[in-house]
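Dear colleague,

Please find the structure below. A summary of the findings follows it.

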Amino acid sequence: RVNNLQGYAPICLGLEDFYTRRLYLRIQDCFGRPIASAPDAWFDVVERYSNDYNKTLKRTKNKSRCLNLGSYNYLGFAASDEYCTPRVIKSLKRFSPSTCSARVDGGTTTLHTELEESVANFVRKPSAIVLGMGYVTNSAILPVLIGKGGLIISDSLNHNSIVNGARGSGATVRVFQHNTPLHLEKVLREQIAEGQPRTHRPWKKIIVIVEGIYSMEGELCKLPEIVAICKKYKAYVYLDEAHSIGAVGKSGRGVCELLGVDTADVDIMMGTFTKSFGSCGGYIAGSKELIQYLKYSCPAHLYATSISPPAAQQIISAIKVILGEDGTSRGAEKLAQIRENSNFFRSELQKMGFEVLGDNDSPVMPIMLYNPAKIPAFSRGCLMQKVAVVTVAFPATPLLLARARICISAAHTKEDLVKALEVISEVGDLVGIKYFPAEPAKL
Ligand code: PMP
């Protein structure tokens, strides 16, 4: 008897044996935990090997050590780092793990002001505000930026934190087809008459929200086209760079740098520190006036405890390494490595016949499984050969667009990637997800 609270779990149950052609009896509860015996398909609880750049993880259940292809640790900073770690330890001793205060009530240390200056300088904007959590940065800032009488036009695949922020703002929300500038223009044209000054439009303000790299698609935002359309229709651009800041661009400054967009044309730049910087928290960068307004009116700034000082120090230090201000070329090497690793892995997967979403240079690589029933078999097959991948299904994706989402890190070595490719290829054959003919091996 299976308790169905998760919706898609029983579908997986019914069909996975058909695809693997193995007679595993797998009965799972509503959270996907196995009840009857079968090799485990999930890595729910893990231990970290924090001294190896988080590129492997240990499953607490059977203690096996797996290659980690699921972490957002794009630059390998989620680890003990020769520059960052001593400084983080020092900040822990000096400032303690928490300020136990909101920013305006004594929770602002010198680290907090240094962090905001450092972030503003890094993303090339006059000013920045930092909050303790990336998710909250979107969901709490949007209602401060816009409300009733305003219009949000959001990419159809924007992250849940944006969706919730937009809903909570009280503004009217329209959605445009994912990363399709032509459709964005159609939606904008429907809403306003071209060329009218801002004050004569039916909306108090219009904000268009996009992401730099889409976390479930691995795709780069068509930012130049979107910025041009927003200029034409006088709409503000809000860019979430959670997955692109630090990960792409010549000096790691994200999609604006990569795609040649002037940051002056992006009104609100948002990002998180949980990926490339190996820390936690989120930021909004923009004009001095905008940031000052947010600091005086955002409840998550006024009433929430400020970001943990050691986390702030980690970000400050990681930015220094990325920009070469630690006196080494490690930052540039990490950026070159993540690009090389990502492009190598993507092209090898494609040659094998997998359908891989996303663009070159993006470290996010979804391998399409389509049928959610294939998820446990794929995940388990990889885990049994000590490769940990994250699989994603409804409701995070449309029901029949299930996928395995690989995240590549600068910390992965060529040997790691070659091993992972061998495993994924073998399991891909077993599960039947090579939808294209493989490229003949070159003699
Ligand atoms: N925005 C996007 C696009 C994300 O993918 C995520 C989470 N991965 C967030 C915001 C929330 O960030 P955090 O996990 O740092 O809270």
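I begin with a pair of helices. α12 and α14 are roughly parallel to each other, because their crossing angle falls in the class under 35 degrees; over 145 counts as roughly antiparallel, 65 to 115 as roughly perpendicular and the rest as oblique. Please note that this is a predicted model, in which local features need pLDDT of at least 70 and side-chain atom pairs count only at pLDDT 80 or more, while totals for chains, interfaces and linings use all residues. Residues are numbered from 1 along each chain as its sequence is written. Helices (H or I, at least four residues) and strands (E, at least two) are DSSP runs numbered from the N terminus.

The axes of α12 (residues 330-352) and α14 (residues 414-431) come within 11 Å and cross at roughly 25°. Such axes are lines fitted to C-alpha atoms, for helices over the stretch in contact, with angles from 0 to 180 degrees between N-to-C directions. The crossing of α12 and α14 is right-handed, that is, the near helix is turned clockwise from the far one by less than a right angle. On the α12 side the contact (C-beta atoms, placed from the backbone, within 7 Å) is made by N341, F344, F345, E348 and M352, and on the α14 side by L417, L421, S425 and G428. These residues divide into five nonpolar, three polar and one charged; Ala, Val, Leu, Ile, Met, Phe, Trp, Tyr, Cys and Pro count as nonpolar, Asp, Glu, Lys and Arg as charged, and the others, Gly among them, as polar.

For the chain as a whole, there are 14 helices and 14 strands. Buried residues (20 or more other C-beta atoms within 10 Å; exposed is 12 or fewer, partly exposed in between) make up 48% of the 443 residues.

Helix α3 (residues 110-122) has 13 residues and reaches 18 Å from its first C-alpha to its last, close to the 18 Å expected at 1.5 Å a residue, taken over one less than its number of residues. Its buried residues are L111, L115, E116, S118, V119, A120 and F122, and what covers them includes α2 (84-95), β4 (127-131), β10 (282-286) and α11 (309-322). After α3 comes R124, with a positive phi near 60°.

Helix α11 also holds I322, which counts as buried because it has 24 C-beta neighbours inside 10 Å. Apart from neighbours within four places in sequence, I322 is in contact with G246, G252 and G331.

Notes: Contact = placed C-beta atoms within 7 Å.
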